[in-house]
Every structure is written in C-alpha cells, then in structure tokens.
Amino acid sequence: MVQPSETIDCQDFVLRRWRAESDFDALFRMIEESLDHLRPWMPWVARHGRQHTREFLADCDPKWQSGDAYNYAITANNALLGSLSLYRADEPQGRFMGYWLHPAAVGRGIATRAAAAVLSEAFASLSDLAHVDIVHDLANAASGAVPRRLGFTEVRREQVSPPVAPGDSGTDVIWRLNRPGSPLTGTARP
C-alpha cells in the first residue's frame, strides 16, 4: 500500500509522523498549554490526561500502517505547534481532515498551509482517494476559514444534538474538496 510521506517540509515548519515514545512529554505539555483554546471546540479535551495522550500516541503507528489515519505533528525548530490528521471516512474513497494549533501558532496561516501540504501529498499518494471532508462547528470561524481558503465547497450543515463541545452551536458545517481533475473539483485558492 502506498502511503503519504512521513515528513513534509513546509519551509518554515515541518509535518512529521507522531512518535509514540519521544513525543509524549512535548505533546502533553502542548495540550496543557492549549486547554482553554481547545476546550470550546474539541470534545476530546474533556478526557485529556496522561493516559489519553499515551493512547493517542500508541494508536498513531498502527493506524498509519493500516491506512486508517495519518497523524502528523506540526513542528518548527524542534518545537510542537499543533497536530493534523487525515483519517478514514465512512465512504470508502473519502477521508476527513482535522487540525488544531497551540494558541501561540494561531493567526500565521500554519493550519491552512499544513492542510494544503497534506492534501497535496494525499492526492498524489493515495490513488483511491476521491475527496477530503473537513467538519467544524458553525461557531468555530477559525476552523471554517481553512477549507474556505483552500477551495473546499460547503456541501451541507447538520444539526448535532446535543452539541459535543462547550462552544458548539449544535450545527456542523461539512466542507468537501474533490480530487484535482475531478469534474466536481473547485478551484483551490492560496
């Protein structure tokens, strides 16, 4: 099975596979420093703790090997900036993308550029990949800016009851980007 590159150079930052053993302390610390920033939007924050962080990292390698999830650390100068995941969707030729950043990394275009780099890599390496979806709560404008900048098309809104995270409005926005060259593909914008 062909898989995306384990390391993607984005000039001023790098995406690389999470490392179960050596990334624990830095990831745990980054999450601790980001709790107030993440809590409104990320339901997993309610389960945050050392065990949850260890389980996430322990799952990264088997999920990468199986193709179920490609989890990347976003790093610069050996410091963690955030995380980006491309994971299997219910539809066999689809994937979901999720991302989050440390508060100090927000507002610099890092999430958009990281997502663009992983999209490019995924469409080049995963021949059966037809589309990637990004889902975010309607109230999370920062997360919604990424698919908009990258030429995704909003395909629908779904009511979620009850909302899954404290800041959620209860409406998920689903964006889709089809494989480049597909007749349904929108034009990507920088």
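**Notebook: rings and a helix**

I looked up arginine 54 and found its charged end over the ring of phenylalanine 24, 3.9 Å from the ring's centre. The model is predicted. I then looked up arginine 50, whose charged end sits over the ring of phenylalanine 28, 4.3 Å from the centre.

Next I looked for aromatic pairs, and the structure holds 6 of them. I checked phenylalanine 24 and phenylalanine 28: their ring centres are 5.9 Å apart and their planes meet at 20 degrees, so I noted the pair as stacked; the cut-off for stacked is under 30 degrees.

Where do phenylalanine 24 and phenylalanine 28 lie? Both are in helix α1 (residues 24–38), 4 residues apart, which is about one turn of the helix. An α-helix has 3.6 residues a turn, so residues three or four places apart point the same way.

Tryptophan 64 and tyrosine 70 are both buried. Trp64 and Tyr70 form one aromatic cluster with Tyr72.

Last, I checked helix α3 (residues 110–125). Its 16 residues should span 22 Å at 1.5 Å a residue, and I found the end C-alpha atoms 22 Å apart, which agrees. Helix α3 is mostly covered, with 12 of its 16 residues buried. Among the buried ones I listed Ile110, Val118, Leu119 and Phe123, and also Glu121.

Terms used: Residues numbered from 1 in each chain as written. Predicted model: local features only at pLDDT ≥ 70, side-chain atom pairs only at ≥ 80, totals over all residues. Heavy atoms only, no water. Helix = DSSP H or I, 4+ residues; strand = E, 2+ residues; numbered from the N terminus. Expected span 1.5 Å × (residues − 1). Buried < 20%, exposed > 50% of the residue type's maximum accessible area, 1.4 Å probe, protein only. Phe/Tyr/Trp six-rings, centres within 6.5 Å; stacked < 30°, edge-to-face > 60°. Lys NZ or Arg CZ within 6 Å of the ring centre and 35° of its normal.
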